[in-house]
Amino acid sequence: MGCLDDGRFAVEIENGVSNGCGKVGFGNDGGAIEEAVKVLLEGLGEDVNREGLRKTPLRVAKALSEGTRGYRQKVKDIVQGALFPEAGLDNRVGHAGGAGGLVIVRDLDLFSYCESCLLPFQVKCHVGYVPSGERVVGLSKLSRVADVFAKRLQEPQRLADEMCSALHQGIKPAGVAIVLQCTHIHFPDIESVFLDSNHEGWVKILVSSGSGDFENKSADVWNDFFSLLKFRGINMDKIQFRGSSDPCWCPSQSSLSAKVSSKIGPVNPTMISAVASIIESLGEDPLRNELIGTPSRFVKWLMNFQNSKFDVKLNGFLRGGIDALNVNEEINLNKKITSELNIPFWSQCEHHLLPFHGVVHIGYLMSDGFNPLGKSLLQSIVHFYGFKLQVQERLTRQIAETISPLLGGDVIVVVEASHTCMISRGIEKFGSSTATIAVLGRFSTDPSARASFLQSIPSPTSTGEQ
């Protein structure tokens, strides 16, 4: 349960980070990252000079620099000067104030880059400590220390342990407790998503770490800590304590990912070398055990967004759909709205090479006597345009324009998505989502038809909800 077994934390708190690879942080290696990103884009068959991608290498380099700034920060600089005198209980038995009164800061929203696949994962962090020596630490410092360790290549248990160790070394409390709720975007099985609309979009894990009074996971102080977290929907029975972490938490190392990777085929070694150079430019050691396979896993994820194989699949569906509709051509002005809601999709932002994920709602006016489009066809159209380097506005338009000629032109499409670029860059807007809409034909001129469809869309639930 304890997190103080590794003596390197005390050195790091004093002197900053050293990963053993000779250099720390982004430094002057932004150009190297940009060149590596160009290699990745070319490996996908993209034109690095086309509009939309021209500045992608620079944007990716800046996002990675921001997202790994923890390598360039010192915990000592944050904690030093932030300890304040605070008396405990005066001549009474008990714990309070600066002498044993439990302090908890809840719901700190953070993100980190997964060391196994280089994709961002979301973290909701809860920090508690038991003051000692009649002194307390400024509450904002707990958040800042947590952020230092989140802004690195990480995995959940080590992240919790590093936060816990740094706080214990820095503020010398009676004990520190950390609970993290981590959420990682899933790696979809590209073949099965055509058939399974319930494919889970997120992998979640609860981890904890404790020091001092929290060293023993059965200690009474843990009960107090969890009692103050129960309002956040945290189930203590689901929390993984130190030593019980699942080594396959990252979807890139799951059996499903291995199945998907086998369909993608061999990975371009030049792209793998490019990712390794990015890792080194960030100040990490690409030969560290936990990072050796990371370049290959990231490239395999990226290769999902090649579209050559999807052309054949989609064209087959469309030919079948068009032929089926031509058989039933009749003119009937008595149309009703047919809809298909909550079709899941995955895509990759072409501006930052970061995933976005959500659902598509499709509505169209169907004349009496016509058969609606099959759900499998609509799913195929969504995935055809989703599994590309994309922007949400274009994705929405392309889906609408593809469906429109099959149905006489009266189409409405709404796309709702969560973008990891909204959390893993400077703005860090957690919990936000983006909705885009495309209307064609009668839906563009009939407000009542639009309103009727929009009101049928179910209330959204956060795609990254803990």
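A polar atom in the side chain of Gln154 lies 2.9 Å from the backbone oxygen of Phe149, a polar contact in the sense of a pair of N or O atoms within 3.5 Å in which, within protein, one atom must be able to donate a hydrogen and the other to accept it, residues adjacent in sequence counting only if both atoms are side-chain atoms. Gln154 belongs to strand β5, residues 153-154, where helices (H or I, at least four residues) and strands (E, at least two) are DSSP runs numbered from the N terminus. With a relative accessible area of 1%, Gln154 is buried; buried means under 20% relative accessible area, exposed means over 50%, and partly exposed lies in between, with a 1.4 Å probe and protein chains only. When residues up to four places away in sequence are not counted, Gln154 touches Ser112, Tyr113, Cys114, Glu115, Phe121, Phe149, Leu159 and Glu162, a contact being heavy atoms within 4.5 Å.

This is a predicted model, in which local features need pLDDT of at least 70 and side-chain atom pairs count only at pLDDT 80 or more, whereas totals for chains, interfaces and linings use all residues. Residues are numbered from 1 along each chain as its sequence is written, and side-chain values use heavy atoms, with hydrogens and water left out. The pLDDT, which is the predictor's confidence in each residue on a scale from 0 to 100, has a mean of 80 over the protein chain, with 71% of the residues reaching 70 or more. Over residues 17-28 pLDDT stays under 50, and the model has 31 contacts beyond four places in sequence for that stretch. Residues 462-466 also have pLDDT below 50, and this stretch has 14 contacts in the model beyond near neighbours in sequence. Where pLDDT is low, the predicted coordinates should not be read in detail.

Taken as a whole, the protein chain contains 14 helices and 12 strands, and buried residues make up 52% of its 466 residues. Of the contacts in the protein chain between residues at least 6 apart in sequence, 76% join residues at least 24 apart.

Helix α6 covers residues 156-171, and its 16 residues should span 22 Å at 1.5 Å a residue, which agrees with the 23 Å between its end C-alpha atoms; the expected span is 1.5 Å times one less than the number of residues. This helix is mostly covered, with 14 of its 16 residues buried. Lys172, which follows α6, has a positive phi of about 50° although it is not a glycine. Lys172 is found in the loop between α6 and β6 (175-185), and its relative accessible area of 45% makes it partly exposed.

A second residue with a positive phi, in this case of about 55°, is Leu353, which is not a glycine either. Leu353 sits in the loop between β8 (335-349) and β9, and at 5% relative accessibility it counts as buried. Strand β9 itself (residues 355-367) holds Leu365, which counts as buried at 4% relative accessibility. Leaving aside neighbours within four places in sequence, Leu365 is in contact with Lys335, Lys336, Ile337, Leu407, Asp410, Arg442 and Phe443. From C-alpha to C-alpha, Leu365 and Ile412 are 9.1 Å apart in space, although 47 residues apart in sequence.

How do helices α12 and α13 pack against each other? Two packed helices are described by the angle between their axes and the distance between the axes. The axes of α12 (residues 375-386) and α13 (residues 392-407) come within 9 Å and cross at roughly 145°, where axes are lines fitted to C-alpha atoms, for helices over the stretch in contact, and angles run from 0 to 180 degrees between N-to-C directions. The crossing of α12 past α13 is right-handed, meaning that the near helix is turned clockwise from the far one by less than a right angle, anticlockwise being left-handed. On the α12 side the contact is made by Leu377, Leu378, Ile381, Val382, Tyr385 and Gly386, and on the α13 side by Leu395, Gln398, Ile399, Thr402, Ile403 and Leu406. Since 10 of the 12 residues of α12 are buried, this helix is largely enclosed by the rest of the structure.
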